[in-house]
Amino acid sequence: MASALEGAGYLEKYLWPAVSASENPSAVHALAIAAMLNEKCAQHTSSPWEICADEAKFASFFSALLDAAKALFTPGVAITAAHGVVVRTLINCVQSLEVAPVRHAVAPLFSLPLWTALGAGRRAHTLNQYPNLKRHYARMLAKQPKILEEHDATFMPTLLTRFLSVVGTEGSNVLELELTINVLELLCDALSQLPTRRFLVVLLKDLQFGPMLRLSPRVASLPPASQHRVALLVERYLTLENFEVDDQSGLPLGPAQIKARKLERVALLQRVAYKELKLDPNAAAAALTQDDADAGLEPAIDALVFSSAEGLSDRAALKRLAASLGPGIVTMLLRKVHVLPAEVDDESAWHAPLRRALADDADDAFLTEVMLYHCCKRATLLERISATPVFPTEGMLYSPFQIPDPLHSLAVPGEKKRRRGGAFAGTRTKSMNLPKLGLAYLSVHDYLMRSYALYQLESAYGIREDVTEVARRMQALVDHAGGVSFQGWARMAVTLKRGALKIHDVKPPRLGEAVPAEVRATISVDLRNVDARARSEWDQLREHDVLLVLTLTQPTGDGPAPAPDENGEESEEASTAKVLRALGVAAVRGCTIKAVEDESGNAMNDPGANMANQKGKANPNGPAEPYRPKGMKRTYKVQLDPAQFLLDQETQPSPDPYIECNVLMRRDPKQNNFKAVLETIRDLMISNSQAVHAARRAAADEEEEGGGGPSADANPYGVLPTWLHDAFLGYGDPAAAHFSRLAADAPAAALNFTDTFEDAAHLREAFPDYKVEVSGDLKAPFFRVTFPPSDPLLGPDARPKGKGKKKPVIAAEGFTPEVRSPFPAPPQRRKKAVRFTPTQVGAIRAGMHKGLTLIQGPPGTGKTDVTVQLVLNLYHTFPGERILLVTHSNAALNDLFAKLATCDIDGRHMLRLGSGSRDLQSVLANADVGLEGGYDFSKWGRVNSILAKRQDYLGKVSALADSLGLDGEGVSATCETALYFKLYHVTSRIERYEAAVAAGGD
């Protein structure tokens, strides 16, 4: 119905024109508009908020929606579909804060007035930590005495209180389940952005959202499939609530800061316990219940007070201690440290679910969970990712709850889609709630974490399709002896004998880690039954390529399906096992190739082996001749996933994926780089965490020494430059990252424009708004330009350009470039096809400064030539830096390489990555760049080129040794022997000759 109304333009033609900016619409009208906006967002239209451009009308609609929602979420009102409409609208609004009318209407719901719902003790404690907020809060109460009655202060507490009343009870009502999922998604989205997180997260902690979700009777009573989806959302919420960022400043927290904050909470609890229970016996007696007093709690109190904070942060130890202390003392301590609200706040309506949870806590489980949640240490995001396997397993690949799978129902032959009533009616599977890549992030760590999770799922989706295809083609069959034979074949797979995979080395974990440092193994295969084309593809495998080790068995077809539960929904394990039996897939493990050996034990696809095979006859500028392997047997030395290996050792799966594996599978190289991408993201997270920790430590050291603040080199944001941080995370003005803003106050610096200008006249023509003073060799091909400090033509306060204005002065110096290559031939100056205009020179100048530069223009306007010139200038201006070129296609990158090959850039410093390097040779030949022998810019081509030059120079050493009457073959065996030959035979002769000349001899 909603889709049909959207197609008819119901919102644009009827609902929205009836909204008035001066008078709020009715509740039904507002809910109808909200439902149609939700439909627009669900259909992913180009701009669902275009109709809301009138800010006054949108504010009127949103106010009416909040009025209706406040009545809906009043305690005692039954949950209806209208509740879902309201929460879904809030989700869409929070995801669209970049739209000004939406931001102005929604942002106040997550602002400082939220703290009026806090308990008095926590509010005072939090405001004392932030004096500026304390002044703002007092000013807000003075200027807005009725703020406690407005939506800004009451709507979110009302919504959260109603939500907690739902999750605090048992049941599986469809509408209540939908509300649970929607509210959790709303909170996750709000906590994922700093503007909506700052004040909301404090309220959530005050309401004990985390412990109440963990022990929710509602989640525990859901059917397995629904429970799994809600549990994933709860886990996401808990991760975001405790995310590693300072909620007020937005600065990321390093591992040391996270640990220090947690230990400070435990130490505060110990200090309060010492003061209240050891120094004041009367207070201790008042806190004890009769059962506690009879139990004799002195040893437990001493253990709490005198134990180390590190020891008490362990969950198991603190849980035992909480059980020994009893509920009376635990409650008193949590009230004193402002975790639980004080008795005077017990009348607050917002804390009603918390009071009810404490009253119903017969076995003290909830009270204990509150204490553990507040004090116990948690694994950091980086620790969790490091302990998570990189390669997907069969459980992840075929779980209908982890990877969205529209074809999942087709994976089981003959199975019909079951359509049942409920929140997921009409769907065969329930996919997980994926992390979202939006426009705003909490930190670089947050962005990398979301990217890691999404890319891992995306790669697993492709791997599943490949594994399914191989399993279908191999046609596994169990024989009478219980073994597995294969009736078919697959080009991307070969069969393995039992025990073909042998684990040779398991290195112990590094200090502070639990995962083995490395797990090495070998896999032996026989390619004699593989056709020649497929065998050549197997022989092209190289180091770092990824292989999959499969354990296949006979498919069971429909097979005996696991018995469904009373609601007709299968658990994740049962559903996954059913699909695996139907496909005949028992286990999937991944590994990375470290080396490939032929039947004689010779290394394959190794430049050293290639050079040995060619015996010094390689073309120094061309690719080496491929090594011809011996025999049909291959041995792959591989590295297994250490995290997955540790899990397998703990769980002991059956069948054993390392002993019973029977198929080795490879994938298309273009789609098989997922491990490198995931490891790169993980390495970036590690580097960022280390950089944040170093910056915080430098700031602390500077503060201890009494300095004026941290040094300029200490970047509190980690690996991301300070000028890019706000724009990258979606909070700042992107224009602030442009070079004109950054270079406005920068000191004078000379930039090497190389051969950008044809002559001095062209140089003056390129900067019409400056007075150019040229010195040096005016006929020189290269120019070095120095711009004035605090350039008045740059920055947000730049003065206007025009006639009658005094022009700033820039100094230009003509010079002849030095030959950077160690070879005697000087570089030939290229003949540029274009004479750069002032606009193009301005783009080149912008790209040579720090900051973001965007070059736009229609085809034929010289964008590629500007890029080539910019790369050349950066290469000469910053010789110690690396330059990375990324394009949308291989053809575009090869075109850039062809033009860069004609520039004054040493060919040894150019490297072409990716599969497009195979086509680069023909591009260079067609471009007539003048490189004799056909330069190979690929990774292995660069290595082969260096080895060929090595072989050529060792041949010259051998010839020199023969001329001196020495064993030329012996002294030229290696570079080390050549160095000794130079020292003892060449240098010594030169020194004797120079000594004789100095002595006047002949």
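How many disulfides does the structure hold? I looked this up and found 0 disulfides, a disulfide being a pair of cysteine sulfur atoms within 2.5 Å. Cys-591 is in no disulfide, and the nearest cysteine sulfur, that of Cys-661, is 9.4 Å away.

I noted the basis of the values. This is a predicted model, in which local features need pLDDT of at least 70 and side-chain atom pairs count only at pLDDT 80 or more, while totals for chains, interfaces and linings use all residues. Residues are numbered from 1 along each chain as its sequence is written, and side-chain values use heavy atoms, with hydrogens and water left out.

I checked burial of the cysteines. Cys-591 has 0% relative accessibility and counts as buried (buried means under 20% relative accessible area, exposed over 50%, partly exposed in between, with a 1.4 Å probe and protein chains only). Cys-903 is buried as well, at 8%.

Next I looked at aromatic rings. The structure holds 23 aromatic pairs (rings of Phe, Tyr and Trp, the last by its six-membered ring, pair if their centres lie within 6.5 Å; planes under 30 degrees apart count as stacked, over 60 as edge-to-face and the rest as tilted). Phe-58 is buried at 0%, and Phe-61 is buried at 0%.

Phe-782 and Phe-815 also pair edge-to-face, at 5.9 Å centre to centre and 90° between the planes. This pair links distant parts of the chain, 33 residues apart: Phe-782 is in strand β12 (residues 782-786) and Phe-815 in strand β13 (residues 809-815). Both are buried.

I then looked for charges over rings (NZ of Lys or CZ of Arg within 6 Å of the ring centre and within 35 degrees of the ring normal). The charged end of Arg-784 sits over the ring of Phe-815, 4.0 Å from its centre. Arg-845 lies over the face of Phe-787, 3.8 Å from the ring centre. Phe-787 belongs to one aromatic cluster with Phe-753, Phe-757, Phe-767, Tyr-770 and Phe-783.

Last, I followed Phe-61 to a helix contact (heavy atoms within 4.5 Å). Residues of α3, including Leu-31 and Leu-37, meet residues of α4, among them Phe-61 and Leu-65.

Note on methods:
Helices (H or I, at least four residues) and strands (E, at least two) are DSSP runs, numbered from the N terminus.
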